[in-house]
Every structure is written in C-alpha cells, then in structure tokens.
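Let's take a walk through this structure together.

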Amino acid sequence: MNDRELSCSAGGQFMDRGRMNQNGVVQPLLTDLYQITMAYAYWKSDKTDDTAVFDLFFRNNPFHGEFTIFAGLEECLKFLDSFHYSQSDIEYLKQTLPEGIEHEFFEYLGNLTARDVTLYAIDEGTVAFPRVPIIKIEGPLIIVQLLETTLLTLVNYASLMATNAARYRMVAGKHVKLLEFGLRRAQGPDGGLSASKYSYTGGFDGTSNVLAGKLFNIPVKGTHAHAYITSFSSIGELKTRLLKHKQTGIMEDLLEHAVRHRAMLSHLLDVSTEESSEGELAAMVSYAIAFPDGFMALVDTYDVKRSGLLNFSAVALALNDLGYHALGIRIDSGDLAYLSCLARETFEKVAERFKVPWFNKLTIVASNDINEDTILSLNEQGHKIDCFGIGTHLVTCQRQPALGCVYKLVEINGQPRIKLSQDVEKVTMPGNKNAYRLYSADGHALIDLLQKVSEPPPAVGQKVLCRHPFQESKRAYVIPSHVESLYKVYWKSGKICQQLPTLEQVREKVQISLKTLRNDHKRTLNPTPYKVAVSDNLYNFIHDLWLQNAPIGELS
C-alpha cells in the first residue's frame, strides 16, 4: 500500500501529507468516468505525444453581482503534487472500465504524473471576471484532460463560497464581526470544512467549526445552545454556586450576588422578577461559573425583554463583583433590530446606574437564518448588532448553489481550437492567451484585456484598442496608468514555482483586490458590469477561426 492509500485509510479526510495538508478524498479517481474513457480513446489513437492548452473560467458572476473571488488554487496545486494512480486504483479501473481495454493502457496510467504539466493562474484571493481564465493548463493532452473534473470541483465551490462571504462582509461593514455557524447545515463534512475555510478567506472573522480551526488555524467562536438554558428549571438545581474572586482568590457565592442584583435591576428595567425564568437564571449562573472570563449568554430562550436581559445583566454584575467582565449576549430569534436596540439601551442604563462603563461595550451577537437581504434591512432599521452568526444561507449559497466554472480546450499541438454554439455565450475564445488588468489614474481597475501570447503586453501611457469579443461595435481606447499581468506560473516540471501565501495572506488579498474596484461594480442593487475585452488582434483571430469552422447553410 502506498503513502496516499495509507493517508486515505487513516480515518479522517485531511491528512498530514508531508509539506502540505492534503485532503485524502482528492485523488485521481475523484473524477468523471468519461475523463478516463477519453484518455483511453486518446491513447488508442496514438495521441500520447499531443500537447494541449485548456482554460478554466466561468461565464457569469454569481449572486447577481459583478465580481467573483478566485479561491481553491492551493488545493489544485496539492492535487498536482500528489497526482498518481495507485495499484488499487488501477485494479479498480480494470474491473470498472469496459472489457477489451488493453493491458498496456493500465501500465501507462500507472506511470502518469503531473510532472510535464504547467499551470498558470491568477493569485488566489484576486477578484476575477467572466471569460477571463483563472487557471490555464498546458501539457500532454491525456494528463491535462484527466485533471479537468478534479480541478473544477476544487475551484467551483471554493470561489463561490469566498465570493458569498465577501458579499456578506461588504453589506455588514468593516466594524461588524462575522462568524460562520454553518457546519450542521453544510453539504456533508467536506462541504462544512470548505465552507469554514473559504468564508474566512472571503472576510469572515471566525467559525464555530472546531476541526476547521485546527486544520486551517481559523479563530473558533461559540456560545451555547438553548438546550443548556432549558436543562435547568430552578436555582435549586445548581450544585455549584461558588466562584473564586479574580483578584483576592476568596470563594464567593455567585448566585447570591446575582439574585441581589436581579432585585435591583427589576426596578431599573421595570421588569418583575416573577415574570423572569428562574431556570434561565440558574443556567446562566452555572455557565458563568464555568466561563467567568468568557461569559456570553443566549437570552431569547423564553423572553428577551422580560427574562433574558434581566437574568444576563444580574449575572454579569455578579461577575463584576468578583472581578470578571462578561462578554455579551446572543439573540437567536425575534425582531433582531428591535431587540438589539433594546439590549443596547438596557446595557447603557445598567452602565450608568451601577457605574460600570464597560457594560456599554458588551457585544450583541445575532443569528437566526440571516442572509444578505436581512443584514441590509437591519442596516436600514438602525440595529445595534456587533456580530452576526451566519449559517445556512452562507454555507449552502442558497441564492446560487453553483458557480459554473468550465474547462475548455483552446489549443492542441500549437493549433487553436474553438467551440461553437448557437448560444454566443458558450462560444470559446481560442488559442493560448495572456490576461492583463488595466488601471486608471485613480487606481481603480478599468478593464481586463485578453491577448494572444505572441502579442506584446499593453504599455503604461499608450493607447490600447479594447474590443468586446463578440459584438463588433463595442470597442474603446484605453490609456492605462498601470498594467498588471494576471498570470503567474504556479506549477512546472513537477514543482510549485511560487511561494504559496498563508490563509491570512489570501484573506488580506481579497480585501486589497476588492478595493481596486469602483463602488458601482460592488453595489448590491444593479451593479455596473465590469468590462472584459480582447485585443484587436485576438478579436480578428477569433472571428476568422469562427468563420473557418462554422458550417455554411443552404437554403432551398
């Protein structure tokens, strides 16, 4: 059994594969059957020495927006680094593929690696746009064909998730914390881990997913569930009431302090102690004893106004008596705008009455099936929420569950290839191309320009004719103040060619890249489309090839 098989059988999905943490599920057999049957047909046709170029790109931005965040590149490079069919893979394929496949083909597969593949890509975390290849693959036809499905599955969800998270970050604003709470609603364990990783990439501040925290060094956050509150019905159930004073070390009765404060708070907040839940008070005291420096309580189990805020404030003041500061509350149901304002008003009253200024800064966390539109509405209502915990709508990308990246052959043995369609959107742009981003004098990205690799790059201060790839009348001259070459060689001769950024650096890259876009490209409602163009040379090349390959109809 080889190293990869050992790592896959060790029980978990992500294994220590030496220099990189490799997901054991990502292996050559994580592909569509037709990739392998095509490989045999290529082999049978003696095309083992053919070389090809494939473009990996998407046709439309997700979520009715005008940008996409490219993510998943590191996982693609890990896949290339470990690409090899094991003996058990070969035995399985012998049993699964149609009868009659020659034994020599399986020997050929067993010797395949990605050594002769070259991968070009834009930097992970960069904003990307439709039709501009985010990855370009060159190499032997059979091997680069076999890579297709796996590369697509590694890029599609990662980029969709990072884009979704970036949109949440923009509508929430830079001062509000965002936590990913979606593991229980994600599409399986791999979906949950990927959601945690790429939501952090897109701008979230932490996750509830403990394994993601361990694997990716993401801050892990959480409070408790309603079950903890409802597990107590009275203060008589409290078996532990004592807590050591933080400064003096003397054990004191936290419940006694809380009951005393609750009586005083009852008058201040105009809430009867008889209306509030004694079981909720007991649960909060219990939790505060367990986590005196990290006390954050769920306050909506029964009634936020008549019970939750009263009991929380009493316990928080009791902790203050013993030298501790509570962190805040979480609201998981109800009118979040109204309840957050009520909570902030309550904390301000308590801060003033009891001379505890830190009470003004208690954190208010809101959850409860929050989506982008919910946050926009809460913004309009003047909410007082400091942190959103977002699950289902984030990790499942409910507004658009797939990005739709495609992988298209654009050149073989140095000859361009084009895929035609009655749907112009599905016509490919042939040939080996380079991509450039042209910037205006104010530092904003103006346009992405595709050129043939044989063309000289656009120059700063020189007029460049930029053309729509398929609409003849859409064209414009651009005089760039800065030109960015988008592609770097990330994999060549069996090695990673760039220093890979950390997850934190990719996360920073996302925000830096987004700042290069004008606000009208990023707005939620009716954003301005970002322009993607081709050079005049590439435009003529595309349309000449189109005419050469399009059948001529006959009228009768």
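In this predicted model, Asp-123 makes a salt bridge with Lys-509, with their closest N and O atoms 3.9 Å apart. Asp-123 sits in the loop between β5 and β6, while Lys-509 belongs to helix α17 (residues 503–515), so the pair ties together parts that are 386 residues apart in sequence. Asp-123 also forms a salt bridge with Lys-488, and here the closest N and O atoms are 3.1 Å apart. Lys-488 is in strand β23 (residues 488–492), so this pair links parts that lie 365 residues apart in sequence.

How hidden are these side chains? Asp-123 counts as buried, at 16% relative accessibility. Lys-488 is partly exposed at 35%, and Lys-509 is partly exposed at 26%.

Glu-75 and Lys-78 both lie in helix α3 (residues 73–82), 3 residues apart, which is about one turn of the helix. Their side chains meet in a salt bridge of 3.1 Å, N to O. Glu-75 is buried, with a relative accessible area of 7%, and Lys-78 is buried too, at 5%. A search of the whole structure turns up 22 salt bridges.

Finally, the sheet. What order do its strands take? There are 6 strands in an open, parallel sheet, running β9-β8-β15-β14-β13-β12. β9 (206–207) and β12 (296–298) each have a single partner strand, so one side of each has no neighbour in the sheet. Strand β8 (residues 177–180) runs parallel to β9, and 2 bridges join them. Glu-180 stands opposite Thr-207 in β9.

Note on methods. Residues numbered from 1 in each chain as written. Predicted model: local features only at pLDDT ≥ 70, side-chain atom pairs only at ≥ 80, totals over all residues. Heavy atoms only, no water. Pairing = 2+ DSSP bridges. Helix = DSSP H or I, 4+ residues; strand = E, 2+ residues; numbered from the N terminus. Salt bridge = Lys/Arg side-chain N within 4 Å of Asp/Glu carboxyl O. Buried < 20%, exposed > 50% of the residue type's maximum accessible area, 1.4 Å probe, protein only.
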